[in-house]
Amino acid sequence: MNHAVIAGYVRSPFHFAHKGALVEKRPDDLAAEVVSGLLDRTGVDPAEIEDLIVGCAFPEGEQGFNLGRIVGLIADLPISIGGTTVNRFCGSSMQAIHMAAGAIRMEAGEAFICAGVESMSRIPMGGFNPAPNPDLYERNEGAYMSMGETAENLARKYQITREEQESLAVASHARAAQAWDEGKFSGEVIAVETGGGTVDRDGCIRPGTSAEILAGLEPAFDAEGTVTAGTSSPLTDGAAAVLVCTEDFAARNELAVLARIRAIAVAGCAPEIMGYGPVVSSEKALARAGLKMADIDVIELNEAFAAQALACVRELSIDLERMNIDGGAIALGHPLGATGARITGKAAQLLRREDKRYALATQCIGGGQGISTVIEAA
Amino acid sequence: MPIEKAAVIGAGLMGGAMAAHIANAGHEVVLLDIVPEDDGNRNALAEGAVARMLKDDPAPFMDRADARRVVTGNIEDHLHLLGDADWIVEAVTERVDVKQAVYRRIDAARKTGSIVSSNTSTILWRALTDGMPESFARDFLITHFFNPPRYMRLLEVAAGPETRADAAEAVSDFADRKLGKSVVACNDTPGFIANRIGTYWLVAAVGAALEDGITVEEADALLGRPIGAPKTGVFGLLDLVGLDLMPLVGRSLKDTLPADDPLAVIYDEPALIRSMIAEGYTGRKGKGGFYRLDPDSDKREKQAIDLESGEYEAARRPRLPSIEESAGSLRALLEFPDRTGAYAWKVMSGTLAYAAGLVPEIADDVEAVDRAMRLGYNWKRGPFEIIDDLGAEWFAGKLAAEGRETPPLLKAAVDSGSFYRTADGRRDHLGDGGRYRSATRPEGVLLLSDVKRTGRPLARNGSASLWDVGDGVACLEFHTKMNALDTEIMALIDRSLGIVGGGMKALVIHNEGSNFSVGMNLGLALFAVNVGAWPTIERTVAQGQEAYKALKFAPFPVVGAPAGMALGGGCEILLHCDAVQAHAESYIGLVEVGVGIVPGWGGCKEMMLRGLGSGRPGFGGSMPAISRVFETIGLAKVSRSAKEARKLGFLREGDGITANRDRLLADAKARALALAEDYAPPEPATVKLPGKTGRIALQMAVKGLAKTRKATPHDLVVVDRLGTVLTGGDTDATREVPEDRFSELEREAILDLMRMPATVARMEHMLETGKPLRN
């Protein structure tokens, strides 16, 4: 049977939307540069690629048309490669990886580029012309609920204090800053070109973030609540890409395999606590892999909000020492469509770097879903 | 040579704000100050001034983008920037030696034919040019701006005998047309006009209050509104400008005036004021002044100083029989037989007699003096207008009865009857030799008040009038309190349409009130709500909609010409005009949500039609336009200048802005006549709107605001109704809807909202306090 492996991962620097270094960068151009960067770093022959699968949460405007095809054409990929766009909101580019893994099992291709991108500067969350279904909204407000509100719901439900949320945020910034200092991002971040020059560093991390600073912020979503801008992932511009292929293909092309995909899962949950999604999807994925949480050495759990991440940590009994060891989305940023590829690629890189056996990458998804990928050392 | 580029030397309060205002006018301006000690940044003073002014309120800049036209620097490194300046204004310390040192540096850097002026308020032209080269003196004059220069309309210009005439003309013309100033030519005398008389008034008022045991509150009650001055009176005014300014200006006047000048005679620095200044009680900018807010109370309780003890006590609002019984008659107040009447007489008789003795020393005529006091001190009437109001004979008689001297000019007024007279529709003023002279309006100045003197209106009722302003153009004037809109105004609009349509070319909507219109008469609306007169309310809404619609589709052009506030219904009438010629200081907004309703006289409709652009949603569908309008109306945004009104969509790109209020009507009339050539009224539009899905999208956006307490519970109710109107109510995105549909939706929303107690509470609160209720 064909096993799908991850044989490469790169991402662009992540920068604050509206004020960061990538504000003027079109998302299709950004994704194309990251795809080209992946090809350069892995040395894979592009003619061998079956499909380019691009995840994006708001595929309209500059992220519109068929973004997957557009990015392939901008990157000058051989025209024989397909191109598709996939939307599972924040889980979009992890879904891209799952689609590649599924196709590989179907023997419907040997190598896939699974990318993701979001310019939250240039395409607003909710899109330019939002048109929610009025009947659904009246029946089930959670379907369109703001993400901050769902985080408050979880903070209340799990009695997660503001201090706990803030200590996660402090750790996230400290770990990300230290990882940069130690050069640990050089294996994943590629420089991108902008009108303002070359951008090769992340822009969202605030190394000096302390509990005192965070304690001074006003609640961002509910005056009575505990969630602040400091314990939420920022609006971010960025792109990421992962090379998914068969083990045979990797061997034949002498690619450096980072990890083997062991199990995947998606699962739904109540929309008003969408941040709980990773619990249900991870339970499924772990069961499919025949593993327990205790077996998992490396966890990449997207920090959409500290409250949401900590609810999952509790329910899944995650050891914080194993989670997001180079920092999470609160520090690095969360360009919606790009995050799935980032955390899955990152988990694969960490397995190899830390010489561990199993890893879990998982994230929550607006509307009430979770998505999880279990990978193992190749 | 017209002025294109300007420079200001000295980036203090006045210098910075003058530079900002020149930038407001669309001209590049260099702003230089000295190199500060102990600062790495050699341009810190000028740069700091611009940064500070971007935060100041009231804002010196009309639009943040105007700040980009201010080029900052310092006088060590950037004097060369003066090389292409046509006009260089000096606004440095009030010392002749310092100013002349600056002039020598300017003179070395400036181009031939450039004009240099000083913003001095106390130093004479002849002192400033003494010892300077003749070539400099020829190009030099005094331009005395009032603080804050963007908002105060007076500019005193004093030229010396050697100043070339075209220099004063060029600066005056620039100040008039571009900076919107009313230029008063004055003679080279100490304090020029406004401060000479104003300082006398303040010094006399403070001295007499101390002498006669009049309290701070009593003095301000007597010398504020009753004489036509702002309600700050004298002590409140000193707090506003700073107590420390008084000895600064006063001492300099005393030193330069002849010893027998009445101001020099009465000038005194009371011990109380000296100690207040020494201890930092310099007024609103300091720890407090004659008034302050009780520092030991968090309820913003006002205190006033006891002039005898120097202690602060709770401020009282004095009920004075002299004011109450004189019932608005200044003469009765000045004659009132008690200590407060005597005080008012003492201060005002001194001030008025002083002013009467100063013409023609300080200015050529009484009109210049009156205008300077109106615009420089915000008096409703200047001293000579006040004397006319009192009766020149009565005033002279009362002075004579006290054995005081009667100034010759006052004698002449007694002989002729008054300082001003109206003859043949013109307002003449008393000039040399007891002869009346007509004020000639400069070209491009047309005042409705002049028109009104010449004849009878074309139509009139209790709330509005229609005037013939010449060349086939009519002017619709509101004249209710605050120019609030009522059914009478709507009725006169209706009549005006018939009159203008019957042979005239165009209609201008304009008035000379402080505010164009503050919108619907809230008191009347609330009364109707309280008695449950729903059919009346519905009729009133419909009447306004019909009247405004008729203006829009009239067979002749309609041009709105607002100045000051144009709120609610006052904004809506402008939105229905073919074009707007706005005064630069126009504060326009749809503020209905503040009283718990939505714009109902077509404001939602016209803003949406503008946003959608000829009814066809462009790229991105209709929601971007809807959400912009939703935000503007939902947050009750009011522009802080005409430029900002353009950004908010209340003015269109093609609408004009006039800097000088006196030129507004003429500009609007010219605009109307230009439109009247080949005029065709607009066609009614149809639009495609998203309906309920759009309303839900807006609801989703607003929900978070309530959670974070940026919106109140009733805000959510009101803006949800606003959302229903803007998204077309019950419709579908594929359906073409006529623009009238908006009007129906506006009416439905208003009638529903007015039935809600929370809306009624908002209306009551606004009427009582003038502020919106956050319920």
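View 1. In chain A, residues 24 or more positions apart account for 83% of the contacts with a separation of 6 or more; two residues are in contact if their C-beta atoms, placed from the backbone, lie within 7 Å. This is a predicted model, where local features need pLDDT of at least 70, side-chain atom pairs count only at pLDDT 80 or more, and totals for chains, interfaces and linings use all residues. Residues are numbered from 1 along each chain as its sequence is written, while chains are lettered from A and ligands numbered from 1 in the order in which they are written. Chain A holds twelve helices and twelve strands, with helices (H or I, at least four residues) and strands (E, at least two) being DSSP runs numbered from the N terminus. Its radius of gyration is 19 Å, close to the 21 Å that the globule rule gives for 378 residues, so chain A is as compact as a globular protein of that length. That radius is taken over C-alpha atoms, and the rule is 2.2 Å times the number of residues to the power 0.38. Of the 378 residues in chain A, 60% are buried, meaning 20 or more other C-beta atoms lie within 10 Å of the residue's own, with C-beta atoms placed from the backbone.

**View 2. Two helices crossing in chain B.** Here α16 (residues 366–377) and α17 (residues 383–390) of chain B pack at about 105°, their axes 7 Å apart. That makes α16(B) roughly perpendicular to α17(B), a label for angles of 65 to 115 degrees. Axes are lines fitted to C-alpha atoms over the stretch in contact, and angles run from 0 to 180 degrees between N-to-C directions. On the α16(B) side look for B:V366, B:V369, B:D370 and B:M373, which meet B:P383, B:F384 and B:E385 in α17(B). By class, that contact has five nonpolar, no polar and two charged residues; Ala, Val, Leu, Ile, Met, Phe, Trp, Tyr, Cys and Pro count as nonpolar, Asp, Glu, Lys and Arg as charged, and the others, Gly among them, as polar.

View 3. The open sheet of three strands runs β12-β13-β14 (chain B), with antiparallel pairing; strands pair if DSSP finds at least two bridges between them. At its edges sit β12 (420–423) and β14 (436–438) of chain B, each pairing on one side only. Strand β13 (residues 426–430) of chain B pairs with β14(B) over three bridges, and B:D428 has B:S438 in β14(B) as its bridge partner.

**View 4. Where chain B touches chain A.** The contact takes 16 residues from chain B and 15 from chain A. On the chain B side, α29(B) gives the largest share, nine residues.

Definitions and conventions
Parallel < 35°, antiparallel > 145°, perpendicular 65-115°, else oblique. Buried ≥ 20, exposed ≤ 12 C-beta atoms within 10 Å, placed from the backbone.
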